[in-house]
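Here are a few exercises to work through with the structure open. Try each one before you read its solution.

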Amino acid sequence: MQTITTPPYSLAFNTEWERLNHLGWDGRLQPILITDAVMLPWGRAIGYYEPRNKNEIGHITIKRSELKNGRWRDVLLHEMIHQFLHETGQNTEHNDKPWCNEIMRLGYLLWGATFWASPSEPRRVAGESVRIQKPSPTG
């Protein structure tokens, strides 16, 4: 994976990471390296969180196309959720309760919006395999 940090974005990445860290996690996330890249190891991925090893700093990479279309802040927040779950020893996968709980918590905290998120389950609908989200307990 080739990464080249664009200097104007370096400051923006760090400033936004610090802002979200304080808003969403009371500043508890560990400092992390944030870079941009032309390509990521997975075809459709637009961001990637790589956890830290024993003596290394963690790393967030944002696909460069997201800088141009302005969605890089959304990608950064997404990757910071992975960072938080990893640093707190929780499962970092999207389709699991810790991820869903964090989405609901941050949705309310950052935007004042109530979201329902739950792990989806595979089902057959009209002969097709689809993923269905469990309904909200309040309907």
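**Exercise 1. Work out whether Glu 102 is buried or exposed, then find its salt-bridge partner.**

Step 1: Glu 102 has 6% relative accessibility, so it counts as buried (buried is under 20% relative accessible area, exposed over 50%, partly exposed in between, with a 1.4 Å probe and protein chains only).

Step 2: Its side chain meets that of Arg 105 in a salt bridge, 2.5 Å from N to O. The rule here is a side-chain nitrogen of Lys or Arg within 4 Å of a carboxyl oxygen of Asp or Glu.

Step 3: Both residues sit in helix H4 (residues 97–111), three residues apart, so about one helical turn separates them. Arg 105 is partly exposed at 33%.

A word on ground rules: this is a predicted model, where local features need pLDDT of at least 70 and side-chain atom pairs count only at pLDDT 80 or more, while totals for chains, interfaces and linings use all residues. Residues are numbered from 1 along each chain as its sequence is written, and side-chain values use heavy atoms, leaving out hydrogens and water.

**Exercise 2. Find which parts the salt bridge between Arg 64 and Asp 36 ties together.**

Step 1: The two side chains meet at 2.6 Å, N to O.

Step 2: Arg 64 lies in the loop between S3 and helix H2 (65–68) and Asp 36 in strand S1 (residues 33–37), so the pair links parts 28 residues apart in sequence. Helices (H or I, at least four residues) and strands (E, at least two) are DSSP runs, numbered from the N terminus.

Step 3: Asp 36 is buried at 0%, whereas Arg 64 is partly exposed at 22%.
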